[in-house]
Amino acid sequence: QKHTSTLGEEISVIRQYIDIQTKRLGDRVRFVVEYNCECLGSLEMPGMIFRPLVENALIHGLHDEVKNGDVTVRAESDGKYLQLSVSDNGKGMDPVELEGMVLNDYQTEDGKHLGLYNVVKRMEMFFQDRIIINIYSSEGCGFEVCMEIKLQNGMQVNEYGV
């Protein structure tokens, strides 16, 4: 709960994970990491945020893809807000199932999507009322998790003074 990382460290970790997955998957899945944040080294956040979301994309969204799979990780800031997202172009999720999962606090009855649940809960605990999380998906059109974090004075501050 209290393990923090910087945005720059999180991007470094996800790049290393992507390197491993690229060797394993070959050209079956294309990974893109995009960021335009000046605060990479100083922006504190919970650790291991991107990896569970990328894992979900590979396990749930793209597991049947033999080519042309895409996973995109983005971090963008305008100085007032930080937008983080992970998206894939996989099989997506039925809108009714997605709505049920969101209404059930990001959990499903069969215990799937535990990684998504953990990421959402850790981010909500850390950023409290300064975060908005949205999930977009429809069958055959991929899955996207978007998090918008309000920065304070160009930087975020959590309850630990970080």
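The model is predicted, and local features need pLDDT of at least 70, side-chain atom pairs count only at pLDDT 80 or more, and totals for chains, interfaces and linings use all residues. Residues are numbered from 1 along each chain as its sequence is written, and side-chain values use heavy atoms, with hydrogens and water left out.

The loop between β2 (29–35) and β3 (44–46) holds asparagine 36. Its C-alpha atom is separated by 5.2 Å from that of glutamate 76, which is 40 residues apart from asparagine 36 along the chain. When residues up to four places away in sequence are not counted, asparagine 36 touches Ala75, Glu76 and Ser77, where contact means heavy atoms within 4.5 Å.

The protein comprises four helices and seven strands. Helices (H or I, at least four residues) and strands (E, at least two) are DSSP runs, numbered from the N terminus. From that end, the order of elements is β-α-β-β-α-β-β-α-α-β-β. Of the 162 residues in the protein, 44% are buried. Among contacts between residues at least 6 apart in sequence, 71% join residues at least 24 apart.

Two packed helices are described by the angle between their axes and the distance between the axes. Axes are lines fitted to C-alpha atoms, for helices over the stretch in contact, and angles run from 0 to 180 degrees between N-to-C directions. Helix α1 (residues 7–25) and helix α2 (residues 50–61) have axes that come within 9 Å and cross at roughly 25°. These two helices, α1 and α2, are therefore roughly parallel to each other; angles under 35 degrees count as roughly parallel, over 145 as roughly antiparallel, 65 to 115 as roughly perpendicular and the rest as oblique. The crossing of α1 and α2 is right-handed, a crossing being right-handed if the near helix is turned clockwise from the far one by less than a right angle, and left-handed if anticlockwise. Residues of α1 that meet α2 include Leu7, Ile11 and Ile14, and those of α2 that meet α1 include Val54 and Leu58.

For α2 and helix α4 (residues 114–127), the axes also come within 9 Å, with a crossing angle of roughly 155°. The pair α2 and α4 is therefore roughly antiparallel, and the crossing is left-handed. Pro52, Leu53 and Asn56 of α2 make the contact with Gly115, Leu116 and Val119 of α4.

Cysteine 146 is buried, as its relative accessible area is 19%, whereas cysteine 141 is exposed at 58%. The structure holds zero disulfides, a disulfide being a pair of cysteine sulfur atoms within 2.5 Å.

Two residues other than glycine have a positive phi: asparagine 68, near 65°, and glutamine 128, about 50°. Asparagine 68 is placed in the loop between α2 and β4 (69–77) and counts as exposed at 56% relative accessibility. Glutamine 128 is found in the loop between α4 and β6 (131–137) and is partly exposed, with a relative accessible area of 39%.

Notes: Buried means under 20% relative accessible area, exposed over 50%, partly exposed in between (1.4 Å probe, protein chains only).
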